[in-house]
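Dear colleague,

Please find below the structure that I am handing over to you. The notes after it set out what was found, one region at a time.

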Amino acid sequence: MASLGGNILPPDLHTQIYLAGIAIVLLVGFCYSTLLIRKAKDGENPSLFQSLWLFFYTCFLKPHDGDSNGNQQDALESFYKKQAGAYDATRKALLKGREDMLSLAAAQLAHRTKDRDENRKRIWVDVGGGTGWNIEAMSRFVDVPHFFDSVYLVDFSPSLCEVARKRFERLGWQNVKVICQDARKFRLEDYEPASQSRRAPGSPITSYFSQEKPRHGGADLITMSYSLSMIPDYYSVIDSLLSLLNPSGIIGVVDFYVQSQVDVNFRNYTGGLVNRHVNFFGRTFWRAWFDIDRVALEPGRRDYLEYSFGTVLNVNTRNYVLGAIPYYIWLGTHKRPSSSSLPHEIVEKVDALVTESPYLHPANHTDALTRAVESAAPEIRSKAFDVAIVNLTSNLPLPSFFYQNHHYRIYYDDQLKKHTQFNDEYIYAFTWEDTRADERILKLKSDDVVLAITSAGDNILSYALQSPARIHAVDLNPTQNHLLELKVAAFSSLPYEDFWKIFGEGKHPDFRSLLISKMSPHLSSRAFQYWLSNHHIFTKSKGGLYDTGGSKHGIRIFRWISRVFWCRSAVKQLLKAKTLNEQREIWRDKIRPALLSRLVSKFVVSQEAFLWTALGVPKNQLAIIEEDHAVSEAVCGPQARARNTRSHAIWEYMVNTLDPMVESTHIAADNPYYLVCLDGKFSRNCHPDYLSSQAHARLSRPGALDGLRIHTDEIDEVLARIAPGTLTVAVVMDSMDWFDPGSNAAAAQIAKLNRALRMGGRVMLRSAGLRPWYLDEFERHGFVAKCHGMRTAGKCIDRVNMYASCWICAKRENLAPPTPEMESMVGTEISSLQI
């Protein structure tokens with residue numbers, strides 16, 4: 001026949017040559033791979049070229065066999081047997097995150113077992129450990145032969161287990177045991193002598209089924225490195241891990257995944273959702289790609305893991321070396337928190353610490369606590385308590401905050417619009433309130449309970465140096481609280497030199513390593529996710545911590561102005577000025593004419609967008625500045641020099657802020673607030689008090705910051721859930737300036753302050769106004785207002801001098817408790833407040 005029939009034509013000559021070439025390549029490749037495989041059998045470590053070819057051949061060319069009996073072990077051998085010796089050489093680029101998971105697990109384990117009984121063994125079980133690469137890699141973080149009494153590598157592939165045995169024979173690690181067994185059947189008591197004595201008498205098979213499965217095991221650490229996605233019956237394996245892990249143990253998992261945010265947005269126990277979402281194309285492509293090698297990426301595996309355990313830390317990231325493959329690192333522990341005999345006890349304890357309520361710990365039986373709780377209703381409950389009760393009644397894990405080593409950070413819903421509006425960016429990288437003035441005015445004592453706005457956390461740490469009984473740090477922006485958490489974690493884990501580099505200089509080349517190996521046990525999961533995603537802030541060559549946040553815009557505008565007006569060198573001279581007189585001359589002659597020019601004020605500084613973005617000045621605070629300007633001597637005085645316009649108001653405010661500051665404070669020696677703006681870092685001679693070596697020595701002591709509570713919420717919401725009459729000091733900074741004078745929101749917050757404060761308790765506030773309108777509201781709600789600093793022309797009230805006045809409002813009388821109807825009305829109004 002001359003034709004194939006129909007419209008099908010025979011392939012032309014070029015196509016025939018192309019197909020023949022493909023066939024020859026495949027044939028040569030098959031023959032060559034067979035030769036390489038035979039050569040590879042002679043040694044454990046084939047060459048790099050051999051390893052890469054074996055990997056390619058096994059994954060993409062070699063057909064899977066060994067399934068005729070439906071045996072998972074045969075299927076694994078079909079895939080791994082030919083490439084066992086080349087496994088480690090070909091997986092380094094593919095299996096990212098293993099070192100990070102091991103480092104995180106080692107840090108958690110070291111922290112949790114530092115006070116352990118020396119007679120109790122420390123045990124690690126590596127499930128799906130393969131060639132033993134994980135166990136050898138762990139030696140970078142701990143001394144494996146001495147840190148662990150026993151290490152069990154459990155894997156179902158005989159070929160990989162054989163490579164592992166040779167590895168540990170070479171290393172001489174006698175405490176590592178390689179177990180070639182189905183992970184579902186692995187029981188620690190079968191291998192640990194201490195557990196053997198607890199087995200019931202009789203035949204091994206009978207005793208295995210007759211014994212009740214233990215609720216906890218003896219493993220301090222369980223790890224799974226890219227093995228969960230290869231286990232068909234993953235439910236039973238995850239269930240078996242529950243009985244392997246001891247009550248305070250850690251389980252660490254790193255693996256591929258794909259998932260849509262729709263699946264997890266409603267879950268409060270995942271430890272944060274940063275980068276968890278994988279788009280539709282990624283979900284479809286990667287599932288199909290890995291399915292070729294029987295690697296299952298369906299979300300149910302990770303979901304069941306997070307359901308079965310309590311989440312400690314959670315990381316979602318991508319392997320950008322090989323096409324942005326999604327993978328996660330997850331650390332967990334038992335659902336029931338280890339610091340309590342029952343979940344509701346730790347819920348009660350955290351709730352008491354948040355709301356300043358007494359905690360009734362049962363002496364003999366937990367029912368005593370239950371009876372006490374029921375008899376005390378109605379009670380004020382924290383949001384953490386409310387959400388924990390919902391989870392417990394639904395048999396879900398508690399939010400990850402309950403499984404942290406410290407209970408500094410209080411639960412919040414990170415999906416609420418009031419939190420997401422900040423777009424994961426803090427406004428302030430450093431605090432603008434003079435902590436020296438705060439200390440002089442407040443004089444905190446050991447029995448004080450303080451509530452303060454977090455900002456960058458510098459002021460919170462300054463208060464902690466005065467050792468009050470409790471500090472409630474409050475901020476609506478989650479990332480401001482992440483910054484405070486990072487500082488607290490650094491105090492708890494880093495020596496002073498590392499601490500100084502991170503927060504004094506704003507840079508540290510090893511920040512990422514320190515974050516994972518040192519600070520991670522002291523951070524909440526969401527804070528850890530944030531800083532791991534933004535570690536470049538501290539490691540990049542330019543900028544640093546103090547060139548980030550919303551306030552960076554103001555600093556960068558000043559630098560731009562100094563370059564445009566050719567006074568950048570004058571700024572450097574100012575920072576090197578040895579005396580106050582030298583500083584004044586440089587300011588008056590070289591910098592002031594540029595920075596305080598009417599042109600800059602009109603077209604840059606007085607713009608509402610700049611004031612909010614760069615300086616954090618909202619429109620209501622701007623209105624206060626304009627109102628004071630309208631009746632000032634500069635406009636209405638006998639020698640009026642300004643017009644009643646916004647640009648003139650801002651110019652006068654800048655003059656009254658900067659001129660007295662430069663004239664009376666030596667920036668290079670004693671004004672860290674302006675030093676960091678001009679130089680981008682602090683100096684050893686000029687820095688906030690929390691950055692001193694003496695402060696580090698005090699706040700790094702065990703328990704030094706146990707009285708800190710970090711709330712991510714509005715002040716109103718926190719005040720409403722604090723027991724009446726428990727606060728002694730509330731530092732609200734300039735937040736009252738933000739309220740609209742035409743609403744009742746300010747009065748509602750002042751009433752809540754009155755309710756939460758003890759008699760004689762104080763509210764400290766700063767304002768852009770000389771006598772802000774809301775002081776009358778304070779006096780109508782049982783307070784007496786006293787001025788502790790009022791800025792007039794040429795007068796500097798503190799080293800920052802950014803605010804026009806500072807006030808203390810002392811509580812003199814209690815307000816009548818509102819009716820439930822009134823309380824409901826106030827709550828509705830406050831919840832609708834937009835800032």
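The side chain of Tyr673 reaches the backbone oxygen of Glu433 at 3.4 Å. Please bear in mind here and below that this is a predicted model. Tyr673 belongs to helix H35, which spans residues 672–679. With a relative accessible area of 5%, under the 20% limit, Tyr673 counts as buried. Apart from neighbours within four places in sequence, Tyr673 is in contact with Phe430, Thr431, Trp432, Glu433, Asp434 and Thr435, and also with Arg799 and Val800. Pro688 is 15 residues from Tyr673 in sequence, and the two C-alpha atoms are 8.1 Å apart in space.

Leaving out residues up to four places away in sequence, Gln749 touches Asp716 together with Ile715, Leu719, Met736 and Phe739.

Turning to the strands, how many of the nine residues of strand S7 are buried? Nine of the nine residues in S7 (residues 325–333) are buried, so this strand is largely enclosed by the rest of the structure. In a regular strand, side chains alternate between the two faces of the sheet. In S7, Ile325, Tyr327, Ile329, Leu331 and Thr333 point one way, while Pro326, Tyr328, Trp330 and Gly332 point the other way.

S7 pairs with strand S5 (residues 245–256) in the antiparallel sense, over six bridges. In S5, Gly252 stands opposite Leu331 of S7. Strand S6 (residues 310–319) also runs antiparallel to S7 and is joined to it by nine bridges. Here Thr311 stands opposite Gly332 of S7. S6 and S7 form a hairpin, with five residues between the two strands. Within that turn, Gly323 has a positive phi of about 80°.

Among the helices, H22 (residues 496–503) is mostly covered, with six of its eight residues buried. Those buried residues are Tyr496, Asp498, Phe499, Trp500, Ile502 and Phe503. The cover over them includes four helices: H21 (478–493), H23 (511–519), H25 (536–539) and H36 (693–699).

Trp289 lies in helix H13 (residues 280–291).

Finally, some totals for the protein as a whole. The protein has 40 helices and 14 strands. Of its 835 residues, 55% are buried. Among contacts between residues at least 6 apart in sequence, 74% join residues at least 24 apart. The accessible surface comes to about 37,200 Å², and carbon and sulfur atoms account for 56% of it.

With kind regards

Note on methods. Residues are numbered from 1 along each chain as its sequence is written. This is a predicted model: local features need pLDDT of at least 70, side-chain atom pairs count only at pLDDT 80 or more; totals for chains, interfaces and linings use all residues. Side-chain values use heavy atoms; hydrogens and water are left out. Buried means under 20% relative accessible area, exposed over 50%, partly exposed in between (1.4 Å probe, protein chains only). Contact means heavy atoms within 4.5 Å. Accessible areas come from the Shrake-Rupley method with a 1.4 Å probe; for residues, only the protein chains shown count as cover. Two strands pair if DSSP finds at least two bridges between them. A polar contact is a pair of N or O atoms within 3.5 Å; within protein, one must be able to donate a hydrogen and the other to accept it, and residues adjacent in sequence count only if both atoms are side-chain atoms.
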